[in-house]
Structure formats: C-alpha cells, structure tokens
Amino acid sequence: MSSPGNVPVKVVVDRRVKIAEVVLRCLVCGLGVLVAALVGTDTQVKEIFSIEKKAKFTDVKSLLLLVVTNGIVAGYSLIQGIHCAVSMIKGRVLFNKALAWAIFSCDQVMAYLTLAAVATATQSAMLAEKGQVEMQWMKVCGLYGRFCTQIGEGIVAALVVSLTTITISSMSAFNLFRLYGGHKRIKNCGGGIL
C-alpha cells in the first residue's frame with residue numbers, strides 16, 4: 001500500500017509514531033520539571049496569634065514524594081527522549097530484546113511511580129482542603145490559600161505527567177511485544193519495533 005508520491009503508508013505511520021513518542025517524552029520532561037518547581041518552591045508565611053508559621057512542601061511528606069518522583073521521571077524522560085531522537089536520526093534497524101525489556105520495565109516503573117505520587121498528594125490536598133471532622137483535623141487551606149492553590153496547580157500538572165507516562169508505557173509495551181512476531185520491522189525510537 002502506497003501513499004501519494006510513492007511513499008509507503010507504513011513508513012509514514014512509523015515515522016509519526018516515532019515523532020509522537022519523542023514529543024510525549026519531552027512533554028513529560030517539561031511538565032515534570034514544572035511540577036517539581038511549582039510544588040518545591042511553594043511556601044507561605046501566616047501570622048497566627050502573633051506567631052509566624054511557615055507552610056512549605058516538606059511539611060507534607062506526600063508532596064515531598066511528588067517533587068522527588070517528578071524530578072526522577074523528568075530526568076529519565078530526558079535521557080529516553082535523547083535516545084529516541086538519536087535512534088530516529090540514525091535510523092537504527094538492529095534491535096536487542098533485552099534493551100526493549102529494560103525500556104519497557106523502566107517505563108512501567110515511571111508510570112506506577114507517578115500514579116502513586118499523584119494519588120497520595122491528591123489525598124493530602126483533599127484533607128488540607130476539606131479537613132477531617134472525625135479526626136478533629138482542621139481545614140488548612142483556609143489559612144494558607146495561596147499555598148494550597150499553587151499545590152493544586154502542581155497536582156494537576158502531575159496528573160498530566162502521570163497520564164502521559166501511562167501512554168508512553170503502553171506504547172513501549174506494544175513495541176516490545178511486537179518483537180515476538182515473525183516479521184522484520186523498523187525500530188521505534190522507544191526501543192520497540194514497528
């Protein structure tokens with residue numbers, strides 16, 4: 001099957017998939033850094049009964065987990081994005097199943113890490129926003145409104161990072177398990193064969 005100009009449709013689609021993977025990895029890298037910066041630099045000082053109290057992200061351990069996780073995921077995505085771009089430019093065809101399994105496994109770990117970090121940070125944010133009457137925990141966001149707003153923005157960006165890492169992980173799984181077919185294919189920049 002050929003497209004206009006005698007370029008096989010499969011080659012055009014393969015190239016688009018490669019480009020999509022590079023774009024998604026760059027998106028994860030950029031948003032991961034944004035999350036780490038938004039949450040990691042968030043502080044607010046409030047005076048309560050003439051006592052100064054400073055709210056910072058390290059006061060809530062789930063926010064610390066969110067910052068560290070997004071930093072790790074951003075670094076990994078940068079490395080894999082460069083690997084993808086170099087593979088695309090060089091047009092490598094040779095492929096190693098062990099490398100495909102390593103990339104797939106790392107992509108899975110990143111997806112699970114981001115999902116866990118977003119879930120715990122969201123739970124902590126809801127407790128800060130709503131409080132817990134049964135445990136006599138007060139609503140903290142009433143006192144530290146700007147702090148909570150910036151944390152909320154970071155959590156929304158982290159959710160996008162998490163969904164994107166899940167998408168990348170799915171692409172990686174698809175590319176890995178295509179290796180076990182009997183046909184020769186072109187290598188995808190994420191380590192898989194198309």
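Modeller: Let us begin with a definition: a nonpolar core is a set of buried Ala, Val, Leu, Ile, Met, Phe, Trp, Tyr and Cys residues joined through side-chain atoms within 4.5 Å. Buried means under 20% relative accessible area, exposed means over 50%, and partly exposed lies in between, with a 1.4 Å probe and protein chains only. In the largest nonpolar core here, which has 19 residues, Val-35, Val-39, Leu-63, Leu-66, Phe-147 and Ile-151 touch the most other members. Two or more residues of this core come from each of α1 (9-40), α2 (61-90), α3 (97-130) and α4 (145-178). Helices (H or I, at least four residues) and strands (E, at least two) are DSSP runs, numbered from the N terminus.

Colleague: Which element gives the largest share of this core?

Modeller: It is α4, with 6 residues. There is also a second, separate core of 10 residues, and Val-28, Ile-103, Met-110 and Val-161 are among them. In soluble globular proteins, nonpolar side chains tend to be buried together.

Colleague: On what kind of model does this reading rest, and how are residues numbered?

Modeller: This is a predicted model, in which local features need pLDDT of at least 70 and side-chain atom pairs count only at pLDDT 80 or more, while totals for chains, interfaces and linings use all residues. Residues are numbered from 1 along each chain as its sequence is written, and side-chain values use heavy atoms, with hydrogens and water left out.

Colleague: How many helices and strands does the protein chain have, and in what order do the elements run?

Modeller: The protein chain has 4 helices and 4 strands, in the order β-β-α-β-β-α-α-α from the N terminus. Of its 194 residues, 39% are buried.

Colleague: Which residues are in contact with Val-39, leaving aside its neighbours within four places in sequence?

Modeller: Contact means heavy atoms within 4.5 Å. By that rule, and with those neighbours left aside, Val-39 is in contact with Phe-57, Leu-63, Leu-66, Val-67, Ile-151 and Gly-154. For the protein chain, residues 24 or more positions apart account for 75% of the contacts with a separation of 6 or more.

Colleague: How should I read a pair of packed helices?

Modeller: Two packed helices are described by the angle between their axes and the distance between the axes. Axes are lines fitted to C-alpha atoms, for helices over the stretch in contact, and angles run from 0 to 180 degrees between N-to-C directions. Angles under 35 degrees count as roughly parallel, over 145 as roughly antiparallel, 65 to 115 as roughly perpendicular and the rest as oblique. For α3 and α4, the angle is about 155° and the axes are 8 Å apart, so these two helices are roughly antiparallel.

Colleague: What is the handedness of the crossing where α3 passes α4?

Modeller: A crossing is left-handed if the near helix is turned anticlockwise from the far one by less than a right angle, and right-handed if clockwise. The crossing of α3 and α4 is left-handed. Their contact divides into 19 nonpolar, 7 polar and 2 charged residues; Ala, Val, Leu, Ile, Met, Phe, Trp, Tyr, Cys and Pro count as nonpolar, Asp, Glu, Lys and Arg as charged, and the others, Gly among them, as polar.

Colleague: At what angle do α2 and α4 pack?

Modeller: They pack at about 45°, with axes 11 Å apart, and α2 and α4 are therefore oblique to each other. Their crossing is left-handed. Leu-63, Leu-66, Asn-70 and Val-73 of α2 meet Ile-151, Ile-155, Ala-158, Val-161 and Thr-165 of α4, a contact with 7 nonpolar, 2 polar and no charged residues.

Colleague: How do the axes of α2 and α3 cross?

Modeller: They cross at roughly 155° and come within 9 Å, which makes α2 roughly antiparallel to α3. This crossing, too, is left-handed.

Colleague: Is Ser-62 buried or exposed?

Modeller: Ser-62, which is in helix α2, is buried, because its relative accessible area is 12%. Residues up to four places away in sequence not counted, Ser-62 touches Thr-120, Ala-121 and Ser-124. Val-68 also lies in helix α2, but counts as partly exposed because its relative accessibility is 45%.
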